[in-house]
Protein chains: 2
Amino acid sequence: MSGQLRGKQSIELSGPVRILSGASVVGSKEGEGPLGEFFDAVGEDPMFGCESWEEAESILQKEAATMAIGKAGLLPGDIRMMFAGDLLAQSIASSFGVVDLNIPLYGLYGACSTMGESLALGAMAVSAGYGEHVLALTSSHFGSAEKEFRFPLEYGNQRPLSATWTVTGSGACVLGTSGGKAKITGVTTGKIIDYGFKDSQNMGACMAPAACDTIYQNLMDFDRLPKDYDKIITGDLGSVGQRILFDLLSEKGFDISAQHMDCGMEIYDPETQDTHAGGSGCGCAATVFASYILPQLALKKWKRVLFVPTGALLSKVSFNEGQSVPGIAHAVVVEALQKGE
Amino acid sequence: MSGQLRGKQSIELSGPVRILSGASVVGSKEGEGPLGEFFDAVGEDPMFGCESWEEAESILQKEAATMAIGKAGLLPGDIRMMFAGDLLAQSIASSFGVVDLNIPLYGLYGACSTMGESLALGAMAVSAGYGEHVLALTSSHFGSAEKEFRFPLEYGNQRPLSATWTVTGSGACVLGTSGGKAKITGVTTGKIIDYGFKDSQNMGACMAPAACDTIYQNLMDFDRLPKDYDKIITGDLGSVGQRILFDLLSEKGFDISAQHMDCGMEIYDPETQDTHAGGSGCGCAATVFASYILPQLALKKWKRVLFVPTGALLSKVSFNEGQSVPGIAHAVVVEALQKGE
């Protein structure tokens, strides 16, 4: 056994799973935001020297992956397998981003929950002894995401206040069996939750029920209270989704307002950056995790956090066919190392 | 340890992983093909009672999953987690297909290699004790795939002889720890291989290098020869891709022509069904595995097979931007149960 099943949807990992390194590469808007100083690299050119947004996003992934592997003191050939995905149709940012790394790949699609999914599956693989080093990687790009899901940028569409701004950025973490900056001790696998919302400009509302479901299940499965976590960190609910999450969890008897943090609400300054409800995209949770959350754990400022990236499962086809926007959220329990670990 | 690392990219699973059941649901064209009698259900209506091809594909997934779970004598609530994906942008066939099952989900994107990816990750999860029952699921639909990747059907585009016909179908397998019809004993995780081909109407050529790479690596990692497998079964290379695969492997010193079978070449009758190079799509390998390959192993007609679904990593965006079509292939080693197992 590499883990003990906990409750309905969770696993307590019994093999050691360490986060050896995290790396983040972002665009200029993210670099100008409140977390700007923490990112490893900020690109001034939104095209990152490429001819299309999609290629630019691939470059982001390649850079973040290469940097995380280097920070761990490893070479790409030392990585046994990687778990990666992105928001674009057929995950092309990942396909073209990682091809040159020549690392065995399990491609994922979890919308903006992908960093939760990749860390969960990566941790499960490491705990089971399926690889000494495993890479978790994801990205998003404002330009490629608007093109994929919404309106041409040239059209200058007005964005409602509930809309979020897709983060241009990629985050990567190398997982291993010893050393490192923090440890992953548990995962809670998310379910698709569909409350029937249909507004792709209010993804916080679409994802909040899934975040609630996964957080509630994690607390039940591990028999914990919100105060057992220093932080409960969602991916990109934004300010609208956060209020709904608090309401839904309070109906289940939990108040997480003292612990809650949302990566989408941290990455931009709402006063000066005009991003409305906050940031979103796979790259949002991934870059905030690699640049800010992981260092807090490494510094032991936080002892234990629940990291819950949230995804809105829509495509332009399903949206145009009148389908709802279901949500999914995957949770990983990340803890500071103890003395001697 | 739940598995022993073998060579560069493979794992020999040490915990028992059994395939408890397989189910397949297909469209009428597949039902009229050489394997028609083996499928569990054949739908006469290509819309499966729905208003769009995408919804129809979701129904296929839901039916296949429900059937596989039922055949294993289980209820959806008995499945600890599922691994599922499809070809559509943002994997909407899966999202809307499995939402009602209420099973924790890891969403995948591996193009037509998805059944290999889902069986590999599912087997790794079961071997590690992460769940007593795990579901692997995927689908494709001719109508939704043509819309997603190529031309409107109404346009009546001529298809070159190298083109394949996307299978309308969904295949599902329930994995567990005991009993069952066959066992998964190893996996070889695929890498993205890009030879620079750009022809989306010749996906066999795009995927053959990846199939070659994964099969070669599997033989190296497990120190086996082609004759150690009763069958080496690719997903959907078709007749053009098969020839390229043979050529590439012969350059590496292996002749698999005696063992090779391609699901895409089995599912349609080239004489009467006008499908050109063969069948393709996630549903091709998945339905042939569930309906035909698994029963051969259950009947012990085959002792050990290498199942290697192959995926072409393209999107209409990357294609229109002039990018190549890289390939990926994931392999699982599936063996007949021995007496007493």
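Analyst: To begin with a definition, copies are superposed by least squares on the C-alpha atoms of residues with pLDDT of at least 70 in both. On that basis, chain B can be laid on chain A with an RMSD of 0.0 Å by a turn of 180° and a shift of 0.0 Å along the axis. The two copies are therefore related as by a two-fold rotation axis. The same surface serves both of them, since 100% of the contact residues of chain B recur in chain A.

User: What should I know about the model itself and the numbering?
Analyst: This is a predicted model, in which local features need pLDDT of at least 70 and side-chain atom pairs count only at pLDDT 80 or more, while totals for chains, interfaces and linings use all residues. Residues are numbered from 1 along each chain as its sequence is written, chains are lettered from A and ligands numbered from 1 in the order in which they are written, and side-chain values use heavy atoms, with hydrogens and water left out.

User: How many residues of chain B are in contact with chain A?
Analyst: In chain B, 64 residues are in contact with 65 residues of chain A, where contact means heavy atoms within 4.5 Å. The area buried between the two chains is about 5,100 Å², and carbon and sulfur atoms give 61% of it. Buried area here is the accessible area (1.4 Å probe) that two parts lose on being put together, summed over both.

User: Which residues of chain B lose the most area to chain A?
Analyst: They are B:Q90, B:Y106 and B:Y130, which together account for 17% of what that side buries.

User: And what about polar contacts across the interface?
Analyst: The rule finds 33 residue pairs in polar contact between chain B and chain A, both residues being at pLDDT 80 or more. A polar contact is a pair of N or O atoms within 3.5 Å; within protein, one must be able to donate a hydrogen and the other to accept it, and residues adjacent in sequence count only if both atoms are side-chain atoms.

User: Which helix gives the most to that side of chain B?
Analyst: Helix α4 (residues 114–127) of chain B does, with five residues. Helices (H or I, at least four residues) and strands (E, at least two) are DSSP runs, numbered from the N terminus.

User: How many salt bridges are there between the chains?
Analyst: Between chain B and chain A the count is two, a salt bridge being a side-chain nitrogen of Lys or Arg within 4 Å of a carboxyl oxygen of Asp or Glu. In one salt bridge, the side chains of B:E321 and A:K147 meet at 3.1 Å, N to O. These two residues and A:E54 are linked in a network of salt bridges. Over all chains the count comes to 18.

User: Which parts of the chain does the pair B:K183 and B:E341 link?
Analyst: The side chains of B:K183 and B:E341 meet in a salt bridge (2.8 Å, N to O). This pair links distant parts of the chain: B:K183 is in strand β10 (residues 182–188) of chain B and B:E341 in the segment after β17 (331–336), 158 residues apart.

User: Is B:K183 buried or exposed?
Analyst: B:K183 counts as buried because its relative accessibility is 11%; buried means under 20% relative accessible area, exposed over 50%, partly exposed in between (1.4 Å probe, protein chains only).

User: Changing topic, where is A:S10 found?
Analyst: A:S10 is in strand β2 (residues 10–13) of chain A, and its relative accessible area is 0%, so it is buried. A polar contact of 2.7 Å joins its side chain to that of A:T188. Beyond its neighbours within four places in sequence, A:S10 is in contact with residues including A:F222 and B:R80.

User: Last one: what is the phi of B:Q90?
Analyst: B:Q90 has a positive phi of about 60°, although it is not a glycine. Most residues other than glycine have a negative phi. B:Q90 is found in the loop between β5 (81–86) and α3 (92–98) of chain B and counts as buried, at 2% relative accessibility.
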